[in-house]
Amino acid sequence: MNFTANDIAEFLNGEVDGDGTVSVNNVSRIEEGEAGTLSFLANPKYVHYIYETKSSIVLVNKDFVADKEISATLIRVEDAYQALAQLLEMYEQSKPQHVGIEQPSFVSKTATVGEQVYIGAFAYVGSNVKLGKNVKLYPHVYVGDNVTIGDNTILNSGVKVYQNCVIGAECIFHSGVVIGGDGFGFAPSSANDYKKVPQVGNVIIEDHVEIGANTCVDRATMGSTIIRKGVKLDNLIQVAHNVEIDENTVIAAQTGIAGSSKVGKNCMIGGQVGLAGHLSIADEVKIAAQSGIGRTIKKEGVVLQGSPAFEFGPYQKSYVLFKNLPKMREQIMALEKEINELKK
Amino acid sequence: MNFTANDIAEFLNGEVDGDGTVSVNNVSRIEEGEAGTLSFLANPKYVHYIYETKSSIVLVNKDFVADKEISATLIRVEDAYQALAQLLEMYEQSKPQHVGIEQPSFVSKTATVGEQVYIGAFAYVGSNVKLGKNVKLYPHVYVGDNVTIGDNTILNSGVKVYQNCVIGAECIFHSGVVIGGDGFGFAPSSANDYKKVPQVGNVIIEDHVEIGANTCVDRATMGSTIIRKGVKLDNLIQVAHNVEIDENTVIAAQTGIAGSSKVGKNCMIGGQVGLAGHLSIADEVKIAAQSGIGRTIKKEGVVLQGSPAFEFGPYQKSYVLFKNLPKMREQIMALEKEINELKK
Amino acid sequence: MNFTANDIAEFLNGEVDGDGTVSVNNVSRIEEGEAGTLSFLANPKYVHYIYETKSSIVLVNKDFVADKEISATLIRVEDAYQALAQLLEMYEQSKPQHVGIEQPSFVSKTATVGEQVYIGAFAYVGSNVKLGKNVKLYPHVYVGDNVTIGDNTILNSGVKVYQNCVIGAECIFHSGVVIGGDGFGFAPSSANDYKKVPQVGNVIIEDHVEIGANTCVDRATMGSTIIRKGVKLDNLIQVAHNVEIDENTVIAAQTGIAGSSKVGKNCMIGGQVGLAGHLSIADEVKIAAQSGIGRTIKKEGVVLQGSPAFEFGPYQKSYVLFKNLPKMREQIMALEKEINELKK
């Protein structure tokens, strides 16, 4: 299917800069662009590619100013990355969708199944499960007893949801996600032996949450572990029992959040970050990759780094001096020498 | 089902402080307490909630002293957290249990299956497998050839156990656990090419071990990777080939232990810790989250932090000074100036 | 099956040092050696075991010089670890292999299946999939639509490969590996809300790649995430969208590589390392465990440590001084005191 620059600009409410009759039938990255494809430019690091790309069309932000001649037709839009998302979404939706119930699969007689669902072969749906409309369970998905899943949610192959959990609408969980495994709770029963504390709570995940491959969200000891509306979790993240993550917070891969901690709204947490248990993080906090947070953060919007973390600017200053410690030691030794000479 | 404070105190061998006829039918966290529920207080951080909780009953440690009036009935016990564990265990055991063999499942004719097992749909039991009494294999569990699993062990949906591994009794493995994947062993075969070293050993896991979701325990190159009795592993942990973890050691999420290292008894290892290969850790060592251990630790009971780690107290002191490095540099510059003036 | 030292030496093109008629029927680690077994010695840390091992035969490097008497027969070879790999490979290949199609399994009618494949029970093979010769899909493997898998590749139980990915020949993926999950791409659509950027690219994995348990390789936004020939990835690694890892690079467990970064050939990356996005790493770079890389590394063969990382030697020097910061502060205070006295 071919689209002209004029067609696309109209769809995106953008402005053509160049030959509007040029057409494309695929997308490509700007640095790998080929004739007949559309690329986008959003990250300033990649600006130099626009002068050499072979892409026929490039989406750019409205305020982009070219330094040199560009052979591609530009389409100027409010936000190039978001416009790309819109285009790709249209493209995805045009593809054939899995629907219906493949065999063999296991659906309990007490389960309620909405219209237009897809249940892949070898998927398991336990007792009293409720699946909304257009839910897609790919092969090898496990949905434990009494779980509820909202409309249009997609569980990719091999997702596991333990009993009694509640999953919202419009969610996407990737392969290997585990929702509702037992929290890590043990009471010392004699000096060095542990007794399991049964985890009788559940997990509640609200609407529009996406969870990356092999991420784990543990069930609460009592009550609920809660992931609010719009949260995005990357791959291999650990969310412990009774954690709460508030709306639209985004967390990168391999981060871990220990038990009972609360993360505010609109936070951005880098990869491989660790949060200790029983603390809370204010809204809009940003945490640099590999940081460790050991205390409650009350200041909204603060940017943190280090393990234990403190504010980003001061951390950067201290780290520059850490690199220069050998020089600092030499300065101290020089001072000692000078003083010894002065004392003579 | 309702229980009075008097009933519960008798079961727990505790002492009622308040109205013993008050009854509950559920549990809740103290900060979310509601009438008709039982809560507990163990973590000192949460003491203030006891004066405002709406829970009808609160389990507390024997030595708890109230500062103000408390509306809930207290039950005083030796250890409130452990008493909670006992109560929740009774609650869990009262629930209906999965039992029997669901279809379709795959059980080799050469497998031996104990009494009262549960084998969920789509579970796979290979040749010569031996399953003890009351073993539960949830849907999508894979048990490779020649594996032995002890009585009452539970493998949640999607656990994978490779051939020849040995699993003890009373173990719980959560979804996505992989036992017996190949260790990471490659011999350089020319300058930059690698030849796989087949991993012909196995994994031995003793009794009462709990392993969290998506944790991996690799099989030994030769001999066995061993997890001793009572060890508790959280989610997303990496245990490499030929590692040994001794009794009752507890390890938090996302920690990794490299090949052939040995961890002692009763150690407590925080989250996101890394242990290098071919080292050993004495008994009762504690390691702070995000630390890195690069050498053998011979001193029992030591507390370590940092990457590479050293003792906790000195680490804390150094880290405070790291934060103050900009000030330290100013001090040095001031000294230089003063000396220059003295020299005049 | 018994083999004499003479037999083994001939197979390995090695030299017998001791009784060539001694025979073995198993392998063991040198520190756990028993009569009738063969061990090897490659790591210098383990040299002392050779004088006390009960193993009947020990493989050693040609240039090994004994300090004391050794009771075992030695076989001297060019490279003891590689020779072991050869022996174990022969041993593995002598074992019976899974082959054929177990039931129930799901193989789309439009899939093409090579000779001598193994498809385990509950494996799923989607539309238009192409499986090469001798491919092994263990139980619960998921192969999405349009995936191609080369000859002799093994996917262990529970591996998931999303649609349109391309897997080479002679690869081994361990349980829980997820290939082709969506990259983590979201465009801010209003102040604090995110719109998913559909990930329409794929993953390409070349020949001779081994991937450890529960490792994730995300599909590209556009184009391909690429893992080149001979790369070895350990367990629980995160490879984000549009990353490229070049030939024969080896990466230890729990490392994460953020989006669009490129790693050179023959690199060695330790465990729990983090690489930020949109950077590139030169060939033969070595990165110490737990390091964080925030910028492009252009110098081939450099060794890095720290977070953010700099060169290994300087890092070690700075870290020694970090440990000594309390002493450095005392020195500064002593200098201040002396200057004050001089000023009097």
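This is a predicted model: local features need pLDDT of at least 70, side-chain atom pairs count only at pLDDT 80 or more; totals for chains, interfaces and linings use all residues.
1. Copies are superposed by least squares on the C-alpha atoms of residues with pLDDT of at least 70 in both. On that basis, chain C goes onto chain A by a rotation of 120 degrees with 0.0 Å of shift along the axis, RMSD 0.0 Å. Chain B is laid on chain A by a turn of 120 degrees and a shift of 0.0 Å, with an RMSD of 0.1 Å.

2. Residues are numbered from 1 along each chain as its sequence is written, chains are lettered from A in the order written, and side-chain values use heavy atoms, without hydrogens or water.

3. Contact (heavy atoms within 4.5 Å) links 73 residues of chain C with 66 residues of chain A. The buried area is about 5600 Å², 63% of it from carbon and sulfur atoms; this is accessible area (1.4 Å probe) lost on being put together, summed over both parts. C:F184, C:Y194 and C:M222 lose the most area on the chain C side, together 13% of what that side buries.

4. Chains C and A share 3 salt bridges, each a Lys or Arg side-chain nitrogen within 4 Å of an Asp or Glu carboxyl oxygen. C:K195 forms a salt bridge with A:E89, with the closest N and O atoms 2.8 Å apart.

5. α4(C), a DSSP helix (H or I, at least four residues), gives the most to the chain C side, with 8 residues.

Key
Buried area is the accessible area (1.4 Å probe) that two parts lose on being put together, summed over both. Helices (H or I, at least four residues) and strands (E, at least two) are DSSP runs, numbered from the N terminus.
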